[in-house]
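Trainee: I have a model open and want to learn to read it. Where do I begin?

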Amino acid sequence: MPKNKRSNSASRAVKRGRTPESNVVTPLAAESGDAGAHHSAPPSRLVWRPIYALIPPLLALITSINSLRNGFAFDDEQQLLRNEFIKSLANLPGAFTTSVWSFMGDTASLNPDAYYRPLFTTLFTINYAVFGTTAWGWHLVNVLVHAGVTLLVWLVLKEVTNREGVSAIAAALFAVHPVHAEPVAWISGVTDPWLALFVLPAFYFYLRYHKDGRKRLMAAALCFYFLALLSKETAIVLPVVVAYCELVHFKDSRSLRQKAIALTMIGALFAVPTLIYLLLRNHAIEAFFLRTNPRFTWGEALLTTPLAAMKYLTLLVVPADYSVHHYTLPVESLTFAAFYGPLALIAAAVVAILIGRSRALMFAAVWFVAWIAPPLAGLRVFDPQYSIQERYLYLPSMGFCLAVALGIEWLAARRLAAVSGRVVAAMLLIAMVIALGAVHLNQNLVWRSTISLFQHIVAVDPRSPLARNELASTYYGAGRRQEAEAETRTALELDPKFVDAYISLAAFAFNNGKSDQSIKYLEQAKSLVGERRLKHRYLGRIHSDLGFYYEQRKEFDRAEQNLRLAADTLPCAKTFIALGQFYLDRRRYEEARELLEQSLPQVSRRYAPIHLQLAKTFDALGQRDRALSEYQKYIELAPYAPDSVEARRRLAQLQSAN
């Protein structure tokens, strides 16, 4: 470094309350508080050459490249093939003022859309402009993003540990770990790698700023942090990691008071992009934070957290049984083994980390906990089969890989009886990379299509009636009706009281023109509900379906009776809207208006169908101004919906009449 630059760097460091020497993160293996400090000499370092930094990204490419043979799977059909929004670059500005699922305004779920990810939508829009519906191009982007993230993992860990070899080992393990197959081999799963592509540079520039205090480095960190927020909301965790580094991780001469002052200043800087993001988010989806209908109570979610955390750790430690389903029922009591067993294991791991006194290992643990916390906090909003999702381990796994790399370094420093520790460590590393890479390559193929995905769920857990039933629905959607019914029958053989299977059989029968049989299946389902968990949700669904089937049979009295029972059993927007639509179809407009307005506060204002229903209701009641407003809102939210043509025609008539 030129002398004047070195002096300037030292001067900046002194101004921030540290000497140049205190700014440098010393090699952790040689520190008195780190692994190896109990021995007479520090652990032997792995020989390092700069070219080695290219090995992890190369491994990422090798273990992901076969995903280019895959097609579209799972949510890809909706988010890519049916997404009219991404099919025009002119829509890009709209990505910053709407939610991810706003394109489905005419058919979306009634739950409020909590996903504001404009850069994710931007990525998809650019991908579509380049590749159209050519699947391999989309997969190639995912693979390249993963390779780029792997290189960033090495850069960040090199800054954290000041050990190139350990960082390269961790990045290599990150590159090949099969838990990453889901977010890389599944096109729509790219949200977490895409987030990492911005979060890691933000953290890297913050670490560089901490070393020499150059303001432009902090500016770069804040810019990347803001881009990360626009990619996925969980980026908001980064300031927590920064706070840990400022207060605990860095070993320098500052007092606790000086650290607190520095953290306050840095926290204020990070608060600016955070506030801007929250304002943009609230403008787009009318919510600062997640809003949705919970499946668990808060108490159940807290009691289930240790079990979920242990399941996530198991997915990293044991590279087997990867699946979209990791069925996790809520833990209901402190006395359940599913609570105190995982809690005891986690406590033992925490104690071991503290006893080890390794700051690098402590950082690895904090990184893992910080980034896995948002999925754990969201446990109560997911159905049991989706409580644990592998893609959520993408960023947390960097901490796990660092911990394993530290273990390999420790082994390399040992003096074994007949074989050098370095040889054993190298052989272990090579074996792990090959084994993990092989599983990763195989897991990529699971994502060939939606059918192969659900076939794999059944292969992992063939005794699960839920897996069988979901495969049946997938078969039916693909036109493979005999296989669909066979899988549903298998689900009932596994559990004769499996309500979901009867609901599926009812739908199959109705679509085959056998409405009498469909009603019989639903009556069977109703008789089996009993006092099970989610009783009201099941009964609400069954009565709602019965109401629909009876309405199609022109048995309107029975239809109304069941739709009312659905609304009474499960009083929510979905059942209110279904009954309101029934009244609208029967020209009972005042009753329709009352129900639709009652449900309006419970749904996102961007849920388009309710605005069309209200428009038709106000139109029929002669309330033209309100009808005009609702027609305009519907067209704005669902411009590509089939009903938008008729809505535009009627809107023009009302405007001309005024």
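Mentor: Begin with one contact. Arg 588 forms a salt bridge with Glu 560, and their closest N and O atoms are 3.1 Å apart. The model is predicted, so side-chain atom pairs count only at pLDDT 80 or more.

Trainee: Which parts of the chain does the pair of Arg 588 and Glu 560 tie together?

Mentor: Arg 588 lies in the loop between helix 25 (573–585) and helix 26 (589–599). Glu 560 lies in helix 24 (residues 556–569). The pair therefore ties together parts that are 28 residues apart in sequence.

Trainee: Is Arg 588 buried, partly exposed or exposed? And where does Glu 560 fall?

Mentor: Use the cut-offs: under 20% relative accessible area is buried, over 50% is exposed, and partly exposed is in between. Arg 588 has 28% relative accessibility, so Arg 588 counts as partly exposed. Glu 560 has a relative accessible area of 14%, so Glu 560 is buried.

Trainee: How many salt bridges are there by this rule?

Mentor: The count is 27 salt bridges. One of them joins Glu 233 to Arg 117, with the closest N and O atoms 2.5 Å apart. Glu 233 sits in the loop between helix 10 (215–231) and helix 11 (238–249), and Arg 117 in the loop between helix 4 (76–81) and helix 5 (118–131), so this pair links parts that are 116 residues apart in sequence. Glu 233 and Arg 117 are both buried.

Trainee: What about Glu 246 and Arg 254?

Mentor: They form a salt bridge too, with the closest N and O atoms 3.3 Å apart. Both Glu 246 and Arg 254 are buried. Salt bridges can also join into networks: Lys 158, Glu 159, Arg 208 and Lys 211 are linked in one.

Trainee: Which residues of helix 14 are buried?

Mentor: First the general idea. An α-helix has 3.6 residues a turn, so residues three or four places apart point the same way. In helix 14, the buried residues are Phe 339, Pro 342 and Ile 353. They cover an arc of only 95° around the axis, which means they lie on the same side of helix 14. The face turned away from that buried side carries the exposed residues Leu 345 and Ile 355.

Trainee: What lines the second largest pocket?

Mentor: The volume is about 640 Å³. The second largest pocket is lined by 21 residues, and Leu 313, Ala 349, Ile 353, Ala 365 and Phe 368 lie nearest its centre. Helix 13 (298–317), helix 14 (337–356), helix 15 (359–377) and helix 16 (397–412) each give two or more residues to this lining. Helix 15 supplies the largest share, nine residues. By class, the lining has 20 nonpolar, one polar and no charged residues.

Trainee: And how many cavities of 30 Å³ or more are there?

Mentor: There are three. The second largest cavity has a volume of about 70 Å³. Its lining includes Asp 192, Lys 232, Thr 234 and Trp 371. Helix 9 (191–212) and helix 15 are the elements that give two or more residues to this lining. By class, the lining of this cavity has six nonpolar, one polar and two charged residues.

How values were computed
Residues are numbered from 1 along each chain as its sequence is written. Side-chain values use heavy atoms; hydrogens and water are left out. A salt bridge is a side-chain nitrogen of Lys or Arg within 4 Å of a carboxyl oxygen of Asp or Glu. Helices (H or I, at least four residues) and strands (E, at least two) are DSSP runs, numbered from the N terminus. Buried means under 20% relative accessible area, exposed over 50%, partly exposed in between (1.4 Å probe, protein chains only). On a 1 Å grid over the protein atoms alone, a cavity is a set of points where a 1.4 Å probe fits but cannot get out, and a pocket is an open set with protein on both sides within 12 Å along at least five of seven lines; lining residues have an atom within 4 Å of a point. Grid points are joined across faces, edges and corners, and a volume is the space filled by probe spheres set on the points. Ala, Val, Leu, Ile, Met, Phe, Trp, Tyr, Cys and Pro count as nonpolar, Asp, Glu, Lys and Arg as charged, and the others, Gly among them, as polar. The arc is that of the directions from the helix axis to the C-beta atoms.
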